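Reader: I would like a close look at a single part of this model, taken slowly.

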Amino acid sequence: MADAQARDGGRGVIVTGAGSGIGLAVTERLRRDGDRVLAVDLHPEAAGRDVLAADLTTREGNRAAVDTALEEFGRVDAIIANAGFQHVAPIRDFDPDAWDSLLAILLTSPFLLAKYGWDALAAAPDGGRFIAVASAHALTASPFKSAYVSAKHGVLGLVRTITLEGAESGVTSAALCPAYVRTPLVEKQISDQARAHGMSEDEVVARVMLERQAVKRLIEPDEVADAVAFLLTPAGRAFTGAALPMDQGWTAR
Ligand SMILES: NC(=O)c1ccc[n+]([C@@H]2O[C@H](COP(=O)([O-])OP(=O)(O)OC[C@H]3O[C@@H](n4cnc5c(N)ncnc54)[C@H](O)[C@@H]3O)[C@@H](O)[C@H]2O)c1
């Protein structure tokens, strides 16, 4: 990999949802490692930096992400599908528009990125990588998160399919499945969950969010960035097809 980077000026990587939280931490980490990163987000102004503005719930947005990376870097070695949001409500009250938007960003966007980026990943000198920042909710469910849980389970199916279809051309894929990470997405959930459960915000953190984790600690975004960086190393290649729990013992029960 070092040879290929020296030859071509560094890997070209797309990171979605790069304006905040995990995506921002991944972008900063990979840039420190010498990768050329196309950071993509709906809200580039939030990051105040070099971010491509694109709505990844649309086909055009995902196409623009891949086309821009190819224009800027001439190659796409890795795609980190990370953009997302959350909507918390019981199924009987769940807004169908929120369901459509969540499926679009958490499941259809990763599919479109893999589809539009496929030829570039297959041409990557050291093997293309497709990493989904999934969730512990790809492996287990919680009440009031029907769309999120369904989409995250779905993206695991996509990762496994990429693994099978990509094997011959050297494309590998893995899903990282973190429990609660200290980001704006989680901070917003605390208030939403408090409303849905009829509890105070402190009770929600202690009794709902971290209740099923053996270790009662929020994960830091940098820890997720470290795991993504590892999956992009040569040693990460053999994890293709894997769903990697990073969940403080949540799914160990
Ligand atoms: N925070 C957690 O506890 C946690 C745990 C497990 C998995 N995840 C997953 O990690 C990913 C990142 O979450 P985060 O916690 O960093 O959230 P975040 O809210 O801090 O960042 C998400 C980013 O995605 C962007 N985004 C949302 N909709 C978009 C769209 N239509 N087009 C382009 N960009 C869009 C937002 O603008 C935002 O900058 C999500 O897929 C989330 O499901 C988060």
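Reader: What span should the 14 residues of helix α7 have at 1.5 Å a residue, and how far apart are its end C-alpha atoms?

Author: This is a predicted model, in which local features need pLDDT of at least 70 and side-chain atom pairs count only at pLDDT 80 or more, while totals for chains, interfaces and linings use all residues. Residues are numbered from 1 along each chain as its sequence is written, and side-chain values use heavy atoms, with hydrogens and water left out.

Helix α7 covers residues 184-197, where helices are DSSP runs of H or I with at least four residues, numbered from the N terminus. Its 14 residues should span 20 Å at 1.5 Å a residue, and the end C-alpha atoms are 20 Å apart, in agreement with that; the expected span is 1.5 Å times one less than the number of residues.

As for its side chains, the buried residues of α7 (under 20% relative accessible area, with a 1.4 Å probe and protein chains only) are V186, Q189, I190, D192, Q193 and A194. An α-helix has 3.6 residues a turn, so residues three or four places apart point the same way. The partner against which the buried residues of α7 pack is α8, residues 201-209, contact meaning heavy atoms within 4.5 Å. After α7 comes G198, which has a positive phi, near 65°.

Helix α5 (residues 96-123) and helix α6 (residues 146-166) pack at about 15° with axes 8 Å apart, whereas α2 (residues 21-32) and α9 (residues 221-231) pack at about 55°, with their axes 8 Å apart; axes are lines fitted to C-alpha atoms, for helices over the stretch in contact, and angles run from 0 to 180 degrees between N-to-C directions.

Technical notes. Helices (H or I, at least four residues) and strands (E, at least two) are DSSP runs, numbered from the N terminus. Buried means under 20% relative accessible area, exposed over 50%, partly exposed in between (1.4 Å probe, protein chains only).
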